[in-house]
Structure formats: structure tokens, C-alpha cells
Amino acid sequence: MTVLLLDKNHPLITEQLSAKGFKVEEDFDSPYDEVLKKISNYDGIIIRSRIPIDRNFLENASNLKFIARVGAGLENIDVDFAESSGIKVISSPEGNRDSVAEHVVGMLLILMNRLFIASNEVKNGIWKREENRGDELMGKTFGIIGYGNMGKALAKRLSGFGVKVIFHDILPNLTDAFGTQVSLETLQNETDILSLHTPITPETYHLIDQKFISEMKKDFYFVNAARGNNVKTKDLVEAIKNGKVKGAALDVLEYEQASFENLNPSTSVGDIENQDLKFLLESEKVIVTPHIAGWTIQSKEKLAQVIVDKILMEFQNS
């Protein structure tokens with residue numbers, strides 16, 4: 001089989017597939033239109049997020065047998081059309097679930113204990129103790145929306161922190177040793193800390209909006225390491241300002257490019273016209289990271305290995 005890599009990934013992908021008899025070619029720079037001209041030459045493609053795999057792309061990929069996405073989200077792929085065309089869609093959420101879980105815990109500890117703020121103050125000769133009292137995880141109810149690979153890994157990490165973990169998911173019967181499945185209403189009634197781990201779908205687009213936030217019984221901390229468009233930023237900002245949201249840890253933003261490589265040019269970090277973004281970047285109640293929750297030294301290799309293993313399982317003897 002001939003496979004095209006459209007994004008840079010761990011070299012083990014090329015090394016291991018080549019060793020198993022696959023012909024692997026790389027094209028990390030050609031734009032969509034150029035790739036379109038040659039895509040019919042390939043049996044498989046391996047991607048991250050650089051190029052959208054839409055219906056037009058797939059209609060030109062007459063010999064394609066699989067699409068392998070090094071990562072979890074599939075929103076850049078027309079999955080329904082691909083599968084209806086007999087194309088296998090593969091992803092690798094198992095590869096970065098641990099890094100996402102650790103990142104969420106890390107962001108929360110920094111946010112709730114004011115570690116970044118206090119450290120910067122001391123470095124600037126300011127010594128404040130009372131003003132930098134932290135807020136403990138111990139004893140709180142931690143609510144997770146989306147109990148797939150990421151949600152489960154997070155619940156496992158939280159097991160040593162003395163929190164009660166509850167979660168809501170559209171699939172039934174997912175309760176395990178680390179989390180208890182509840183209705184969305186119960187989650188909104190009991191949660192002190194809310195962490196989002198859902199894909200972006202029509203149902204989850206702007207899931208966290210003014211209505212959702214107003215239905216939360218308690219003031220709460222909010223974490224999003226899923227997709228920026230799951231949150232209506234304007235409503236989140238207003239909730240932080242009025243105290244309903246006590247603090248937010250955001251690894252993703254509504255203003256990201258589809259490739260996740262940067263913010264959209266119209267909402268760049270230096271754009272003071274976007275007052276909601278400006279607030280998030282300046283508020284002491286908010287931590288923002290550049291879509292790196294699943295981005296560790298270890299996850300780069302694990303994501304690649306999961307993809308290779310799944311490709312070989314399905315197509316090694318094709």
C-alpha cells in the first residue's frame with residue numbers, strides 16, 4: 001500500500017510502516033489544491049489537522065482505503081462520507097489521554113493555588129501570603145462531561161486527590177472505579193469543578209453558554225481541554241466577571257484556526273478589538289495554554305505508535 005503523510009509526526013510512523021512493506025511518502029507543505037491533484041495515487045493518508053478531508057477531497061481520493069488521524073478529534077474529516085465510501089477512519093486518542101489528564105490537573109493546581117501569580121510577584125519583589133491563599137481540591141465534587149479516553153484518564157488521576165468524581169456522557173453504563181455516571185441535571189447541581197472532554201459536534205457546539213452556566217447550582221471552576229467551539233466565550237467571560245465561574249483553565253479557544261496552529265488572524269493575541277479574548281489573556285482568574293494538553297514528549301511517540309498499530313492490524317496483509 002502507498003501511504004501519504006500530510007503532517008509532520010514521529011519518525012517511527014515512516015520507519016515501522018516501511019519495514020512492513022508499505023510505501024510511505026511525505027508532503028508537509030503542499031496546499032489542499034496541490035494534494036487534491038495526486039490523492040488518487042494513494043491507498044492511505046496520515047494526517048493531523050493541516051488539510052481538511054472534506055467530501056470534495058474524498059471524491060478525488062478514488063483509491064483511498066484509510067484515513068489515519070494522529071490525535072483524537074475528527075472534526076476536520078467528513079467521517080460519514082468517508083465511511084459510506086468504504087474508507088476506514090482511524091484515530092489515536094489512547095496516545096495522548098495521559099498527557100491531557102495531567103495537563104488538566106496541572107492547570108487546576110496552578111489556578112486554584114495562584115501559583116503563577118504568586119511566583120511572578122515574588123520574582124518582582126512582592127511578598128504576599130494572605131492574598132495568595134489557595135483553594136484545595138480535597139472535598140470537592142469534580143464533574144466531567146464526556147467520559148471517553150480523556151475523561152476516564154482524568155478521573156483516574158483524580159483518585160488520589162480526595163474529590164468525588166461524577167460524569168455525564170451520552171453513552172450509558174460507563175460508571176467505573178473512578179467516576180459515577182449521573183444525569184446532566186445532577187452534574188449541574190453538584191459540581192464544584194467542571195471539566196469538558198467532548199468532541200465538537202452540532203450537539204456540543206457552544207454547549208457551555210449562558211443557559212448552561214446559569215443552570216449550575218454552585219459557583220464553579222471551569223476547565224476546557226477539548227475544543228474551543230464547545231464554549232461560547234462571551235458567556236464564559238461574563239460568568240467570570242460576575243463570579244459564577246470562579247476561575248477558568250483553557251487549553252483551547254473559540255478563536256483558534258482549524259489547524260490549531262495559531263489563533264485566527266482576526267483575533268490574534270495583539271488584537272485589542274476582541275474584548276473577550278483580551279479579558280481572558282489579562283485576567284488573574286484565567287490560565288490559557290496554546291492547545292498543548294495532549295502535547296508531551298511521550299504523547300508524540302504514543303500517538304504515532306497507536307496509529308501504526310491500528311494500521312497494521314487492519315491493512316498489513318492488504
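User: Hi! What should I know about the model before we start?

Analyst: It is predicted, so local features need pLDDT of at least 70, side-chain atom pairs count only at pLDDT 80 or more, and totals for chains, interfaces and linings use all residues. Residues are numbered from 1 along each chain as its sequence is written, and side-chain values use heavy atoms, leaving out hydrogens and water.

User: Thanks! At what angle do helix 10 and helix 11 cross?

Analyst: Roughly 45°, with the axes of helix 10 (residues 233-242) and helix 11 (residues 275-282) coming within 10 Å. Axes are lines fitted to C-alpha atoms, for helices over the stretch in contact, and angles run from 0 to 180 degrees between N-to-C directions. Helices are DSSP runs of H or I with at least four residues, strands are runs of E with at least two, and both are numbered from the N terminus.

User: Which residues of helix 10 meet helix 11?

Analyst: Thr233, Lys234, Val237, Ile240 and Lys241 do, against Asp276, Phe279 and Leu280 in helix 11. Contact means heavy atoms within 4.5 Å.

User: Nice. On to the sheet: what is the strand order?

Analyst: The order is 8-7-6-9-10-11-12, in an open sheet of 7 strands with parallel pairing. Pairing takes at least two DSSP bridges between two strands. Strand 8 (180-181) and strand 12 (286-288) are the edges, each pairing on one side only.

User: How many bridges join strand 11 and strand 12?

Analyst: There are 3, in the parallel sense, with strand 11 covering residues 245-250. Leu250 stands opposite Val288 in strand 12.
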